[in-house]
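Hi there,

Here is the structure I promised to pass on to you. Have a look at it first, and then read my notes below.

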Amino acid sequence: MRKRYITPRFLSRPLSLALCLTLSLVLASHIVMSSPAAGNDLVAKHVPSAQAVGKGRLSILFWDVYDAVLLAPNGQWTAQAPFALSLTYLRDIDGRDIADKSAEEIRSLGFDDEVKLAAWHNQMLNIFPDVKEGTNLTGIYAGNGESIFFHKNKEIGRISDPDFGHYFFDIWLNTKTSAPQLRAKLLGQS
């Protein structure tokens with residue numbers, strides 16, 4: 001005999017969907033704040049007293065791309081101190097596309113040394129893996145200006161040029177970013 005489940009009358013289909021969506025958003029925010037980077041020993045090694053400054057989601061048109069969390073000493077971000085930016089992807093993206101878009105964003109911030117940008121692009125191509133939904137990548141801007149990247153609690157690459165770190169993390173943190181709403185959320189301003 002088949003079991004039948006009866007939905008109470010007060011839980012209409014639209015209300016049930018709304019409750020499910022609300023629960024999903026609450027769980028998603030918890031997952032972002034307890035992301036691998038938030039408690040990661042590797043982050044703590046490079047960013048002393050790392051705490052979340054802010055978090056946000058990048059969406060383009062109707063597509064959610066990733067959730068981002070900015071971590072800094074005692075939750076206070078400055079461009080001069082070490083910090084980490086953790087991205088948890090919400091869709092599959094080729095590593096080449098991540099490197100290409102990063103170079104494009106760096107260029108849009110006013111960086112015009114195409115030779116240096118080509119070298120950085122080549123390094124990013126070698127570092128960034130293809131990502132699937134749920135993949136977490138964390139980038140750290142270390143105290144010495146070096147940029148260190150992690151995936152699955154393992155270092156996947158580093159770029160020593162301090163100029164790279166400045167421009168790369170400016171993709172999210174510069175006032176000229178292409179995603180000002182995400183920037184405001186990462187910096188805890190909204």
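Ser 102 is in contact (heavy atoms within 4.5 Å) with Met 124, Phe 128, Phe 168 and Ile 171, leaving aside its neighbours within four places in sequence. Please keep in mind that this is a predicted model, where local features need pLDDT of at least 70 and side-chain atom pairs count only at pLDDT 80 or more, while totals for chains, interfaces and linings use all residues. Residues are numbered from 1 along each chain as its sequence is written, and side-chain values use heavy atoms, with hydrogens and water left out.

Ser 102 sits in helix H3, a DSSP run of H or I with at least four residues, numbered from the N terminus. Is Ser 102 buried or exposed? Ser 102 is buried, because its relative accessible area is 7%; buried means under 20%, exposed over 50% and partly exposed in between (1.4 Å probe, protein chains only).

Asp 100 also belongs to helix H3, which covers residues 95-108. Asp 100 counts as partly exposed because its relative accessibility is 30%.

Now for a strand (a DSSP run of E with at least two residues). Val 65 lies in strand E2, residues 63-73, and counts as buried because its relative accessibility is 11%. Beyond its neighbours within four places in sequence, Val 65 has contacts that include Leu 58, Tyr 89 and Ile 93. Between Val 65 and Ile 93 there are 9.0 Å in space, C-alpha to C-alpha, and the two are 28 residues apart in sequence.

Happy exploring!
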